[in-house]
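Good morning, everyone. I have one structure for you today, and I will go through how its pieces are arranged. Please have a look at it first.

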Amino acid sequence: MSRHLRIVLVHPPHESDASLRATALHAGLIEAGYELVASLPADFHLPEEIARLQPDMIIVDAESDARDVLEHIVVATRDERRPIVMFTEDDNQSSMDAAIDAGVSAYIVAGLKPERIKPVLSVALARFRKEQKLLDELQDTKLKLAERKVVDRAKGLLMSRHGMTEDQAYQRLRTMAMNKKLKLAEIAQRILDVEDLLG
C-alpha cells in the first residue's frame with residue numbers, strides 16, 4: 001500500500017525546507033517507500049498546488065505554532081478531504097485541539113524518528129478512512145431523511161387535493177416515478193414545485 005501513497009509535505013513559509021526536521025522527514029518517507037511528490041510552503045498558492053498534484057496524504061512539518069499553516073491546509077482540503085499528519089514540537093493542548101478541529105488525522109509531538117514514520121502514517125490513514133466512512137454514512141442518512149420528508153409532504157398534498165388515502169397517494173407517487181423513470185423523492189419534489197408555482 002505505502003508504495004502507492006503519494007505525499008505532499010507542507011512547511012511554514014518562514015521555515016527552511018532544508019531544516020534538520022525536514023531532512024529527517026524526507027529520509028523517513030523515502031526509507032518507508034512513500035512517494036514524495038512535492039514539498040510546499042503553506043501560502044496562498046497551496047490550495048491550487050494541492051488540487052494540481054492530487055496527493056493521497058498531506059504531511060505538515062511545523063516546528064511550533066502552526067495555526068497559519070492549518071488555515072491554508074483547511075482551505076486546500078475543503079472540497080476534497082485527505083488524511084493530514086502533523087509533525088511538530090508544539091505540545092500545547094489548544095494547538096492540538098485546533099489541529100484536530102482542522103481535520104488533522106494524527107498530531108505527532110517531538111517524534112520524528114525515521115523508523116516511526118511508516119507506522120504513524122498507517123494509523124493516520126486507517127483513522128481517516130474510518131472517519132470518512134462515518135461521515136459518508138451520516139451524509140447518506142441525512143439525505144434519506146430529507147427525501148422521506150419530501151415524499152411525505154407530496155403524499156400529504158395528494159391526500160388533501162384528491163381525497164386519497166395515504167396508501168393511494170404513495171401508490172400514485174410510485175407509479176408516476178416509474179413512468180418517468182425517476183426516484184420517488186424526485187417526483188415528489190416536482191409535485192411540490194408545481195404546487196409552489198401554482199400557489
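**Helices, then the sheet**

I begin with α5 and α6, which are roughly perpendicular to each other. Keep in mind that this is a predicted model. The axes of α5, residues 114–162, and α6, residues 166–180, come within 9 Å and cross at roughly 115°. An angle from 65 to 115 degrees counts as roughly perpendicular, and that is why the word applies to α5 and α6. As for handedness, α5 passes α6 in a right-handed crossing.

Which residues of α5 and α6 make the contact? On the α5 side they are Val151, Ala154, Lys155, Leu158 and Met159. On the α6 side they are Glu166, Ala169, Tyr170, Arg172 and Leu173. Sorted by class, the contact of α5 with α6 has seven nonpolar residues, no polar ones and three charged ones.

Next comes α7, residues 184–198. The axes of α6 and α7 come within 9 Å, and they cross at roughly 105°. That angle makes α6 roughly perpendicular to α7. From α6, the residues involved are Tyr170, Leu173, Arg174, Met176, Ala177 and Lys180. They meet Leu184, Ile187, Ala188 and Ile191 of α7. Here the classes come out as eight nonpolar, no polar and two charged.

The remaining pair on my list is α5 with α7. Their axes are 8 Å apart, and the two helices pack at an angle of about 55°. That makes α5 oblique to α7. Is the crossing of α5 and α7 left-handed or right-handed? For this pair it is left-handed. α5 brings Glu147, Val150, Val151, Arg153, Ala154, Leu157 and Arg161 to the contact. α7 brings Leu184, Ala185, Ala188, Gln189, Ile191, Leu192 and Glu195. Counted by class, the contact of α5 with α7 has nine nonpolar residues, one polar and four charged.

Now to the sheet. It is an open sheet of five strands in the order β2-β1-β3-β4-β5, and the pairing is parallel. β2, residues 35–41, and β5, residues 106–109, stand at the edges. Each of these two has a single partner strand, so one side of each is left without a neighbour in the sheet. On average, neighbouring strands are turned by 20° against each other, direction ignored.

For a closer look, take β3, residues 57–62, and β4, residues 84–88. How many bridges join β3 to β4? There are five, and the two strands run parallel. Isoleucine 58 stands opposite isoleucine 84 in β4.

Two helices lie across these strands. α2, residues 46–53, lies across β1, β2 and β3, and runs at about 165° to β2. α3, residues 67–76, lies across β1, β3 and β4, and runs at about 165° to β3.

Last, the domains. The domain assignment gives domain 1 as 5–112 and domain 2 as 139–198. How far apart do the C-alpha centres of domain 1 and domain 2 lie? The distance between these centres is 47 Å.

That is what I have. Thank you.

Note on methods: Residues numbered from 1 in each chain as written. Predicted model: local features only at pLDDT ≥ 70, side-chain atom pairs only at ≥ 80, totals over all residues. Heavy atoms only, no water. Axes fitted to C-alpha atoms, helices over the stretch in contact; angles between N-to-C directions. Helix = DSSP H or I, 4+ residues; strand = E, 2+ residues; numbered from the N terminus. Parallel < 35°, antiparallel > 145°, perpendicular 65-115°, else oblique. Left-handed = near helix turned anticlockwise from the far one by under 90°. Contact = heavy atoms within 4.5 Å. Nonpolar A, V, L, I, M, F, W, Y, C, P; charged D, E, K, R; others polar. Domains from an automatic or database assignment. Pairing = 2+ DSSP bridges.
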